[in-house]
Structures are given as C-alpha cells and as structure tokens.
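Here is a brief report on one protein model. Look through the sequence and the 3D view before reading on.

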Amino acid sequence: MKAVKITEGIHCLPVNLESYQLFEGMWPMPNGISINSYVVQGDKTALIDLIEDVNGKPADFEAELQSISLAPKDIDYLIINHMEPDHTSWLPIFHRKNPDVQIYLTAKAAPLLKTFGGIEENVHVISDGESLDLGQGKILTFYETPNIHWPETMMTFEQSSGTLFSCDAFGSYGTLNDVYFDDQLSTTQHDFFINEALRYYANIVASFSTFVTKGINRLADLDVKVIAPSHGIIWRENPRAIIDSYSRFASYLNGPAEPEVTVIWSSMYGNTEKLVNNIVQGVRKEGLPVHVHRVPEEHVGVILASAWKSSGLILGMPTYEYEMFPPMAWVIDMFRRKKVWNKKVLRFGSAGWSGGAQRELTALTEKLKWDFIDPIEWKGAPTETELQLALQQGQALAQQVKEFCAR
Ligand code: FEO
C-alpha cells in the first residue's frame with residue numbers, strides 16, 4: 001500500500017493485520033484491523049505512532065514511508081501517543097535506523113519507553129498543552145488523555161488542518177482496503193465501521209469508559225475537522241459520527257444502554273436449551289431487538305459487544321458441580337473485568353441435582369449493579385411450567401428494560 005494523503009503535508013500510513021491473528025493475543029478479528037501511523041511534514045518531519053513488529057509488517061510500513069520519499073532516518077520527531085506494543089514493538093529497530101530521532105511522549109510513557117524499548121536518549125517529556133512547531137504552518141499540540149486506555153496515553157492535534165491524532169480512541173476493528181475516509185463509505189460500510197468500533201470499544205476500552213468521557217469533554221473546545229485514529233477509518237466528513245458513537249458507548253457504563261436484550265446461553269445436555277426459544281419469544285412480545293449467543297461456541301469478545309450495548313441480559317446456564325457452568329463463569333468474569341454494569345438481568349437454567357449456579361452468580365456480580373428479576377430454575381429436565389415461565393419472564397425482563405431506557 002501507499003501512504004494516504006489527508007491534506008498537504010499530512011499522510012496516513014495504514015498497515016493491515018490479518019483476520020487470523022488475535023488482537024492483544026485474545027480477541028478475534030474476523031475482519032482484521034489496521035494500524036495507522038501518520039506523517040506530518042513542515043520544515044521538519046514528525047511521525048506519529050509506529051507499527052507492531054509482526055509478520056513482516058514493518059516492511060509494509062517502510063514501503064509506505066518510501067512512497068512519500070521518506071526513510072526512517074528522515075524522521076526528525078517521533079510522537080508516541082501510546083506505548084502499547086501494537087504501535088511500538090518495532091521501535092527498537094526503528095531507533096537503530098535513526099538514533100538521533102527526538103521522541104515526544106508523556107511523563108508516564110517515558111519509563112515504558114525504557115522498559116519496552118530500552119531507549120532513554122533524545123527523549124522529550126511533553127507538558128500538557130505543549131506545542132511543537134514543525135514549520136510551514138504545521139503545529140502539533142499535545143494533550144494528555146490518561147487511561148484511554150493505558151495510563152500514559154495522549155492525543156496530538158495539528159492546528160492548521162484541525163486533525164486530531166487520537167490513537168486508540170475513536171478506533172475500530174476492520175482493515176483498510178482502498179477506502180480510508182468516512183466520505184468514501186457506503187451506508188453499509190459506515191454501519192460496518194461503527195459496529196467494528198463498538199466491538200473494539202467493548203474489548204479494549206470499555207473498562208476505561210469514565211476516562212473516555214473525560215477525554216472527550218476535555219477536547220470539546222478544539223476545532224476538530226478530522227479524526228485520525230490509530231485503528232480503522234479516518235473521519236473527515238463527519239467526525240462527530242465517531243465522537244458521538246464513543247460518547248454513547250461510554251455512557252453505557254452507567255446505563256441505560258440501548259433498549260435491547262442479549263441472551264447468552266449454555267447447556268450440557270439440552271435441558272437449559274429447551275427454554276431458549278420461549279425466552280426469546282417473551283422478549284420479542286415487547287418488540288425489543290434480541291441478540292442470542294451460545295457459549296462456549298461463541299467467543300466472549302463477540303458477546304461483550306452486544307452485552308455492552310444492551311440494557312438487558314438473559315443468562316442461561318446450568319449448575320455444574322455446585323457452581324456455574326464453567327464456560328459461562330468465564331463470560332461472567334469477563335463482564336466483571338470489563339465493567340458490564342447497570343443491567344436488568346434474568347438467569348435461567350437447570351439446577352442439576354443440587355443447584356448452586358444462582359448462588360455463585362449472585363456473589364460474583366455483587367458489584368456490577370445488576371438488577372435481577374426472579375430466576376427460572378428447576379431440577380433435572382424442565383416441565384411445561386418452566387416453559388411457560390420462560391415466556392413470562394422473558395417478557396417481564398423486556399418490560400423492565402423498556403422502563404429503564406425510558407427514564
Ligand atoms: Fe492500539 Fe492500545 O493500542
């Protein structure tokens with residue numbers, strides 16, 4: 001690929017990671033992901049963020065640099081918005097090619113630069129709001145935006161073009177292939193990137209939602225004309241679309257989220273499964289969208305996105321050895337880690353011979369601010385009584401969600 005021109009003197013260097021990889025070593029990427037670096041050129045040349053040293057990707061990156069007649073040695077300033085290795089693991093090699101480069105980063109990033117990259121020379125720790133004049137009207141200003149999503153994160157704003165290099169914030173999954181800007185997207189492609197942004201958000205950023213809201217408020221006075229994130233599409237026609245989406249995603253932390261219900265179910269021998277259809281039909285009676293995921297078949301990374309977006313959760317799981325069915329326990333633990341909070345919740349499932357799943361679920365979710373309605377639980381196989389209860393409680397949960405969202 002070639003570097004993509006944003007405006008005179010500003011280029012994006014997107015490199016795609018393929019779909020077979022797991023992001024952060026654990027999240028499926030069925031549509032891959034792009035890692036975007038940026039070059040800003042005045043009299044001096046700045047490179048904003050770098051590339052992961054994986055699968056020959058640095059060669060793609062260097063070819064993109066070459067396409068605008070640059071090599072690593074030509075970079076005067078390296079701006080590190082974020083030290084996570086998807087943007088920096090090639091940094092030691094880059095630094096050997098250009099040991100004189102001046103590196104700009106936050107005070108919290110400097111020790112990470114040493115421990116991850118072994119680099120301590122020519123390091124400039126920025127102060128919040130500090131500017132760097134590259135000449136020819138190109139001025140970079142640095143804003144600390146901690147915990148989006150690492151503690152050292154910052155954003156860089158180029159004043160003349162109104163371009164905000166936001167790093168992970170406003171990013172999404174999905175590779176960039178021939179289409180790089182929001183105004184080049186069809187409606188379907190636009191929806192695709194918003195959905196990919198949601199899944200990326202739920203996987204990577206969700207537990208730092210309070211800081212996302214703070215960061216967005218902090219930058220509200222900037223005249224942002226272009227959002228240039230480190231992953232996914234560049235937003236230049238309507239940057240508000242992705243800013244507002246991220247604001248909305250962050251607001252789901254304290255609820256309500258959308259008036260939707262996510263059903264996550266698991267079953268050992270089919271007894272819990274027998275209630276799924278009736279539960280779904282009960283929700284549908286109230287006209288709410290319902291997303292259904294089977295565990296362990298579906299990865300928790302996918303489940304997280306619809307759970308984050310839904311105000312209602314329905315959890316189907318049997319008891320297993322006096323506790324929750326282990327694949328569901330993994331999902332619940334991930335909900336705890338990612339702060340899937342403030343939900344209306346129904347649980348159903350076979351109690352086996354003893355029960356215990358409900359007890360463990362209640363204990364593990366104590367701090368998640370979940371509002372449970374009465375569970376449906378039975379010993380052995382369900383009877384017609386439980387099948388009818390499934391319809392009733394599915395509908396009851398949906399009613400609660402509607403009331404919650406109407407507040
Ligand atoms: Fe794209 Fe948090 O690194």
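## A buried glutamine

This is a predicted model. Start with Gln393. Its relative accessible area is 14%. Buried means under 20%, so Gln393 counts as buried. The residue belongs to helix H12, which covers residues 384-406.

What does Gln393 touch, leaving aside neighbours within four places in sequence? Its contacts are Leu346, Ile373, Asp374 and Ile376. Leu364 sits 29 residues from Gln393 along the chain, and their C-alpha atoms are 22 Å apart.

## The nonpolar cores

In soluble globular proteins, nonpolar side chains tend to be buried together. Here the largest nonpolar core holds 118 residues. Ile79, Phe170, Tyr246, Trp308, Leu315 and Phe335 touch the most other members. Helix H5 (residues 187-205) is the top contributor, giving nine residues. Domain 1 (4-251) and domain 2 (261-405) both supply residues, so this core lies between them.

Take Phe335. Beyond its neighbours within four places in sequence, Phe335 contacts Ile264, Ile303, Leu304, Ala307, Leu313, Val340 and Trp370. Another core, of 20 residues, lies apart from the largest one. Its members include Ile279, Val280, Leu346 and Ile373.

## A five-stranded sheet

Five strands form an open sheet in the order S10-S11-S12-S13-S14, with mixed pairing. Which strands stand at the edges? They are S10 (131-135) and S14 (226-229). Each has a single partner strand, so one side of each has no neighbour in the sheet. From one strand to the next, the twist averages 20°.

Strands S12 (residues 154-158) and S13 (residues 163-167) pair in the antiparallel sense, over three bridges. Glu158 has Thr163 in S13 as its bridge partner.

Conventions
Residues numbered from 1 in each chain as written. Predicted model: local features only at pLDDT ≥ 70, side-chain atom pairs only at ≥ 80, totals over all residues. Heavy atoms only, no water. Core = buried A, V, L, I, M, F, W, Y, C linked by side-chain atoms within 4.5 Å. Buried < 20%, exposed > 50% of the residue type's maximum accessible area, 1.4 Å probe, protein only. Helix = DSSP H or I, 4+ residues; strand = E, 2+ residues; numbered from the N terminus. Domains from an automatic or database assignment. Contact = heavy atoms within 4.5 Å. Pairing = 2+ DSSP bridges. Axes fitted to C-alpha atoms, helices over the stretch in contact; angles between N-to-C directions.
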